[in-house]
Amino acid sequence: MTSLGSPILDCFRNGSIVQLKSRSSGGTLTMREGGIVSGNGPVGFYAGRLGPRTPVWGRWTDGTYHRGTITNVGTKIDITFNDGDNVQHAINDPTAVVADVGPDPEVLKPGARVIAQFRGSTKYYAGRIVEVDSSNSQQPRCHVQFDDGDKEWAEAGFIRMLPEVAAADLGVPSIITNSRVLARWTNDQYYRGTVTNVGEKIDIKFDDGDKIQHDPLDVSAVIYDVTPSRGTLQVGVRAVGYWPDKGNFYLGRIGQVDYHNASHPRFLLNFDDGASIWCNLDEVRRVPLRREQDNPVNLKDIDAGDQETIAHFRVGCMVWGRWSDGRYFLGRVTDVRDGKIYVTFDDGDNISHDLGDVSAVIVDLVPNPTHVPIGARVIAAFEGRCHYYKGRVTQIDSTNPYAPRYHVTYDDGDKGWVNCDKVRLLPMRADEVGTRVYARWTNGQFYLGTVERVGHKIEIKYDDGDRIAHDPSDITAAVILDSTPNPGSVGRGTRVIAAWPGKEKYYLGTVDAVNKDQMYEPQYHVKYDDGDESWVTVNQLRVIPAPGPAPESQFMVVQIGADVVALNSIAHPHFYLGLEGGYLRGKWFDTYCHFYLREAPNQFMSLEACMLPGQHVGVDSKGSVMSPASVYAGTEPAMFEVKLLMLMKEGKMETWI
């Protein structure tokens, strides 16, 4: 793609994802529910791009990070370190390669995952920030607790941000030419081969010389030949498993998991033809729920909190869609456009739902048992029927911790026990009416309650009858989902609210030690902010979301012309930034969403309305969006610093790091 003429404007290539940080307010341009725009949003960290010659910190085999340069990007990322050593990493391992870019001071907060220097070493170590000294606001010092238990103060210049890893990877990279894969033959068995071409069809040449074509939307037809990571396979997951006597792979579903040897887990595959066999980890390949698409028009992300049931809804994704009678049926996403998601059910019927209706379309993923507490909202089977019903988990039978059974009370009053593979989590959001949350009271402590109303404020009614309202911009710190965290996501340095013996309220603190002697019930030592200390279980704490790029402050670039763009909200993908009635707001796409890119002094830029020349996007010092007619070129309110979060290159999306 042709350069736009400067490093600043080059951030605005088609499909790139950016943040705009206001010079006046120091916050980011943010679009909230209903298309409301403000200029005081949180600042995310620069994620960078992957490409040859990119300077990075790469993870070595011992877990430490070293400076180097990317030499090649394919299905693997090749890195040559400054000392001449080389390493390869999977392209979908988000913590293996970190951009060598210093962080913004705003993102250096307690709880953030980082790599940092320790005692002058040339290599960096992974850890979490536990304290920040902001006496120098431009160059703060951070007290880092490293994963090995050591602690050290580090200057901002010796810190790099480390992305948090999601509980489950719901998708896989798009299939590319020369990829090694397992592909389905006409007999429904899977054989190893190589991708020779990708277009309207995926062409595969098997190792024995035979050839076949598959539709890219048939996600179970072509599977990357990569051993899955431990912990990503659980009961109910669709997978292909190896049958030694026949020498082929067959499609099925995981029925049991044996973790008695944690380093070498085994999985019982129940094949679709009725046979079963125990497989080792390297004999299993997970079937993806969806395949990443290269078309940026379909980049429609729904942020519904830290729930592993939420994925990017892409064409081809297997889902449970809500029918007009409230029941859920299995189907596949066929299109995402104009603020709608379109689903074709397995029986051929079709339906569409608003993207903002987060409970209308649920990804077909068996939830991790640790993410299904009593009280969880679910859809579940009932008495062997093929469709699912809404309900709530009221009891859990954990006799088999890898395959628990749930007692569900359905919304229509029926009740019943359901196996874990017949349950799907409904998404929960801290800013959705009816959600159970721990909300901060005026004394700084957290009490259990329910979200009662959402508007300009998030209003919570506590269980004791008191009420409070919090600003949406403070939601990650003030309103915490009442959801038991995945034990694997809680480590030293994790910021939490936790129980104290004999008290119903929760207190702010930091985990500083983990006892895993009991595999199924790890203990966490919490140092509370008031100086007290206590051991708690995973059920007695809730994780405070770590800082990072906020979806409400992210926009995808749609390049209209050489220096004309439209900005599509990531959090609310049916809205674009635009002018309407003399105000800046989120709106349906039209020519009033077109903006000229204008460079400003000192590495800043501004946005001028194409349909209303001389009118600019502007934010005042308090973070309020100004009338575009009152914002003039070259003035401070019109100036923004662009933060590139993802970059499109030659029509394909560079991967997050």
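Select W243 and K246. The charged end of K246 sits over the ring of W243, 5.4 Å from the ring centre. Keep in mind that this is a predicted model.

Next, select I254, F267 and L269. They touch the most other members of the largest nonpolar core, a set of 29 residues. Colour the strands that each supply at least two of its residues: β20 (238–243), β21 (248–258), β22 (266–271), β23 (276–280), β31 (377–380), β32 (389–397), β33 (405–410) and β35 (423–425). Domain 3 (179–286) and domain 5 (369–425) each give this core at least three residues. Now show L29, F555, A609 and F640. They are among the 24 residues of another core, which lies apart from the largest one.

Turn to the aromatic rings. The whole structure holds 23 aromatic pairs. Start with F382 and Y410. Their ring centres are 5.2 Å apart and their planes meet at 75°, so the pair is edge-to-face. F382 is in the loop between β31 and β32, while Y410 is in strand β33, so the pair ties together parts 28 residues apart in sequence. F382 is buried at 9% relative accessibility. Y410 is buried too, at 4%.

Move on to W441 and Y462. This pair is also edge-to-face, with 5.5 Å between centres and 85° between planes. W441 lies in the loop between β36 (436–440) and β37 (446–454); Y462 belongs to strand β38 (residues 458–462), 21 residues away. Buried or partly exposed: which is W441? W441 counts as partly exposed, at 27% relative accessibility. Y462 is buried, at 5%.

Last stop: F118, Y125 and F146. Ring pairs link these three into a cluster.

Key. Residues numbered from 1 in each chain as written. Predicted model: local features only at pLDDT ≥ 70, side-chain atom pairs only at ≥ 80, totals over all residues. Heavy atoms only, no water. Core = buried A, V, L, I, M, F, W, Y, C linked by side-chain atoms within 4.5 Å. Buried < 20%, exposed > 50% of the residue type's maximum accessible area, 1.4 Å probe, protein only. Helix = DSSP H or I, 4+ residues; strand = E, 2+ residues; numbered from the N terminus. Domains from an automatic or database assignment. Phe/Tyr/Trp six-rings, centres within 6.5 Å; stacked < 30°, edge-to-face > 60°. Lys NZ or Arg CZ within 6 Å of the ring centre and 35° of its normal.
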